[in-house]
Amino acid sequence: MKVLVVFALCLSVAAARLLIGAFNCQDFSPVKLQKPAMQDVLVKIVKRYDVLFMQEISDTKEAVAYDLLNAVNQVSKTKYNLTLSPRLGSTAQKEQYGYFYKTGVVNLLNSVVYANPEEEFERPPFIASFASDKTVLGSFTLVGIHTRPKQNDASREIMALKPVLDAISQPLMLFGDLNADFSRNVSKTVKDYLGTNYKWMLDMDTAVKSDAHHDKLIASTSLAEQVVPDSNTIFVFHDDKDIAKDMARGAIPADKVSDHYPIEFRID
């Protein structure tokens, strides 16, 4: 009987883990969502996660993310909600960030775009705090950003995030398309600047058609301790059987879904 109880508790703990992701969806526009097979692919990607931070939402009417949310909720047993940033960027090429999250599993406490008083960021980070009884942390903060693409610009933006991160008292994860495919020297400089309180938890190819390591997971020590071993990785969406069927039905190459794979991690 004791063995059965322990086994049941283990299953309960495993089921309670949260899966959190970040996805640069590459020019996520109404045109992209109009294709039925593409919509099905994106719905399945969103449904994979308890929380998903999406980047490159490109819609002047600011409606396409809600259209995707509605499509998700038409087929999901557990309803999702969305917190969406304003359109961001100093040029005409603006984009929005969005956090899709599973209601009843996580509760959104607050979300805010960093004020960017010194104009250090092309698209300032979108910071969202969540609470959940599915994790021993209780609550945590996600800091999502899509930095400028050039190495020098991206490295400066990441280092400029240090005071932003240091001001957050909760366990946190900085993630997104940080364009952090740096040389070894630049990478060391950036890591040394952020310091030992932050753990770099993803160093692998995150691009669909190249070997670039653009996307990163950088956790505070308190959150890093709760990341399930080997869960910090990429999601190769075209290896998923159901998504592959949708892509085949719509004759969609992987790089038309995005030039980035989603990155993800689980927390206890």
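**Salt bridges, strands and core**

Guide: Across the whole structure, a search finds 14 salt bridges, a salt bridge being a side-chain nitrogen of Lys or Arg within 4 Å of a carboxyl oxygen of Asp or Glu. This is a predicted model, in which local features need pLDDT of at least 70 and side-chain atom pairs count only at pLDDT 80 or more, while totals for chains, interfaces and linings use all residues. Residues are numbered from 1 along each chain as its sequence is written, and side-chain values use heavy atoms, with hydrogens and water left out.

Visitor: Which residue forms a salt bridge with Lys102?

Guide: Asp50 does, with the closest N and O atoms 3.5 Å apart. The pair links distant parts of the chain, 52 residues apart: Lys102 is in strand 4, and Asp50 is in the loop between helix 3 (36–47) and strand 2. Helices (H or I, at least four residues) and strands (E, at least two) are DSSP runs, numbered from the N terminus.

Visitor: Is Lys102 buried or exposed?

Guide: Lys102 is buried, at a relative accessible area of 17%. Asp50 is buried too, with 10%. Buried means under 20% relative accessible area, exposed over 50%, and partly exposed in between (1.4 Å probe, protein chains only).

Visitor: What about Lys162, where is its partner?

Guide: The side chain of Lys162 meets that of Asp166 in a salt bridge, 3.2 Å from N to O. Both residues are in helix 6, and being 4 residues apart they are separated by about one helical turn. Lys162 counts as partly exposed at 22% relative accessibility, and Asp166 counts as partly exposed at 42%.

Visitor: And which residue does Lys209 meet?

Guide: Lys209 and Asp255 meet through their side chains in a salt bridge of 3.6 Å, N to O. This pair links distant parts of the chain, with Lys209 in the loop between strand 9 and strand 10 and Asp255 in helix 10 (residues 254–257), 46 residues apart. Lys209 counts as exposed, at 69% relative accessibility, whereas Asp255 is partly exposed, with 24%.

Visitor: Which residues do salt bridges that share partners join into one network?

Guide: Asp40, Lys44, Asp246 and Arg249.

Visitor: Switching to strands. How many residues of strand 10 are buried?

Guide: 6 of the 6 residues of strand 10 (residues 215–220) are buried, so this strand is largely enclosed by the rest of the structure. Asp215, Leu217 and Ala219 point one way, and Lys216, Ile218 and Ser220 point the other way.

Visitor: How many bridges join strand 8 to strand 10?

Guide: There are 5, and strand 8 (residues 172–177) runs antiparallel to strand 10. Two strands pair if DSSP finds at least two bridges between them. Phe175 has Leu217 as its bridge partner in strand 10. Strand 9 is joined to strand 10 by 3 bridges, again antiparallel, and Lys199 stands opposite Ala219.

Visitor: Which residues touch the most other members of the largest nonpolar core?

Guide: Ile45 and Phe175 do, in a core of 87 residues. A nonpolar core here is a set of buried Ala, Val, Leu, Ile, Met, Phe, Trp, Tyr and Cys residues joined through side-chain atoms within 4.5 Å.

Visitor: What does Ile45 touch?

Guide: Leaving out residues up to four places away in sequence, Ile45 touches Phe23, Leu52, Phe235, Phe237, Ile243, Val257 and Pro262. Contact means heavy atoms within 4.5 Å.

Visitor: How many aromatic pairs are there?

Guide: A search of the whole structure finds 11. Rings of Phe, Tyr and Trp (its six-membered ring) pair if their centres lie within 6.5 Å; planes under 30 degrees apart count as stacked, over 60 as edge-to-face and the rest as tilted. Phe53 and Tyr99 form a tilted pair, 4.9 Å centre to centre with 35 degrees between the planes. Phe53 lies in strand 2 (residues 51–57) and Tyr99 in strand 4 (residues 96–102), 46 residues apart. Both Phe53 and Tyr99 are buried.

Visitor: Which residue pairs with Tyr97?

Guide: Phe126, in a stacked pair at 6.5 Å centre to centre and 15 degrees between the planes. Tyr97 lies in strand 4 and Phe126 in strand 6 (residues 126–131), so the pair ties together parts 29 residues apart in sequence. Tyr97 and Phe126 are both buried.
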